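Here are some notes on the structure below, written as numbered points. Please keep the model open while reading them.

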Amino acid sequence: MTEAAFPNLREGDFLIQDFRFRSGQTLPELRQHFVTLGTPRKNAAGEIENAVLLIHNTTGTAKTWLEPGLGGELFGAGQPLDAARHFVVIPDCIGFGQSSKPSDGLRARFPNYRLHDIVVAQHRLITEGLGIPRLKLVMGLSLGGMLTWLLGGMYPDFMDALVPVASQPGPMSGRNWIQRRINVEAIRNDPEWNGGDYDKQPSNWARVAPLSALMTQSVVRIQEMAPTREQGDALYKQFVERATKGDANNRLFQIEATMDYDPTPFLESIKARLVAINFADDAINPPELGVVEPAIARIPGARYVLVPAGPQSQGHYTSMRAALWKQHLAEFLADRA
């Protein structure tokens, strides 16, 4: 399913004047870029009743959801989020895509946003920008999954259902944070970074960036891609080249935005039906830590699905292959009917 095939695909911007971040910093104008597809359906009270919010991953944008592995498996006729029946809203998070971000001009002087700020901005986009009082579903991948947990707790009357994918409802810590910290230090200590005021993209930090790829991909798939040392060297070079195409300040702020993530204080506040979907070979959110089960137990009726590793699974990246987990989404949505 190509972008041209998605019904009523549109893009827009919602501008928030004098947005105040949790840190106390402000931005004169915060731009929330978003994509929608499908057609809003209104109830007798004139309120949109079929809206779904989807939140992208740490390395993506709103359009990530339109890729074949996601949109091609979710938005077609008869699929779980059939765009002929749902009004799908997909924002670019603060710091990503065409939403406000450091590379727009402020560089390292951009406000130090956190996931809390992204949640507040997206809530305002939906309620003020699009006039939607309540969502049928919030679903997010990786970073989006983390934001889904927070949205459910911060705005418990805002949605009917929550599906966090490839995430854990616990504080940022352990290996997950350490690999992020390594990237943060690599950027901040790159001589070419120059406090964020560089004329060309700093290159030294990109040599460390492949660490994140190693953490997110299945070790089995990596071994298949690099069964020899020479092929490993070639794959490493590909990872480095991919990192150099991004913006160092954007990446730095994206990583640091997650540093105080911790939805545990909000778990008992969640009212929406919830199913968490994770993957057995996900090294970023390893099931061995036992984080999800006790959190799920604190939310009435919540469920947890751990998708087993298989010949097509890709560790944390399995989240990008909806064919491997969409049946659980479909069953969850059918139960709601």
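1. Helices here are DSSP runs of H or I with at least four residues, numbered from the N terminus. By that count, F332 belongs to helix α10, which covers residues 326-336. Note that this is a predicted model.

2. Is F332 buried or exposed? Buried means under 20% relative accessible area. F332 has a relative accessible area of 1%, and therefore counts as buried. Leaving aside residues up to four places away in sequence, F332 touches A161, L162, V163, R273, L274, V275 and R303. One of these, R303, is 29 residues from F332 along the chain, and the C-alpha atoms of the two are separated by 9.4 Å.

3. The largest pocket holds about 940 Å³ of space. Its lining consists of 36 residues, and those nearest the centre of the pocket are T58, T59, G60, R251 and Q254. Two or more lining residues come from each of the elements α4 (174-188), α5 (210-216), α7 (229-244) and α8 (248-256). Sorted by class, the lining has 19 polar, eleven nonpolar and six charged residues. As background, empty space is found by rolling a probe the size of a water molecule over the atoms.

4. How do α4 and α8 pack? Two packed helices are described by the angle between their axes and the distance between those axes. For α4 and α8 the angle is about 150° and the axes are 10 Å apart. Their crossing is left-handed.

5. Which residues make the contact between α4 and α8? On the α4 side they are W177, R180, N183, V184, I187 and R188. These meet A248, R251, L252, I255 and E256 of α8. The residues of this contact comprise six nonpolar, four charged and one polar.

6. Most residues other than glycine have a negative phi. R107 is not a glycine, yet its phi is positive, at about 55°. R107 sits in the loop between β4 (87-91) and α2 (115-129). With 30% relative accessibility, R107 counts as partly exposed.

7. The other angle belongs to S142, also not a glycine, with a positive phi of about 60°. S142 lies in the loop that runs between β5 (137-141) and α3 (143-154). Is S142 buried or exposed? S142 counts as buried, because its relative accessibility is 7%.

Methods. Residues numbered from 1 in each chain as written. Predicted model: local features only at pLDDT ≥ 70, side-chain atom pairs only at ≥ 80, totals over all residues. Heavy atoms only, no water. 1 Å grid on protein atoms, 1.4 Å probe; cavity = no way out; pocket = protein on both sides within 12 Å on 5 of 7 lines; lining within 4 Å. Points joined across faces, edges and corners; volume = space filled by probe spheres on them. Nonpolar A, V, L, I, M, F, W, Y, C, P; charged D, E, K, R; others polar. Axes fitted to C-alpha atoms, helices over the stretch in contact; angles between N-to-C directions. Left-handed = near helix turned anticlockwise from the far one by under 90°. Contact = heavy atoms within 4.5 Å. Buried < 20%, exposed > 50% of the residue type's maximum accessible area, 1.4 Å probe, protein only.
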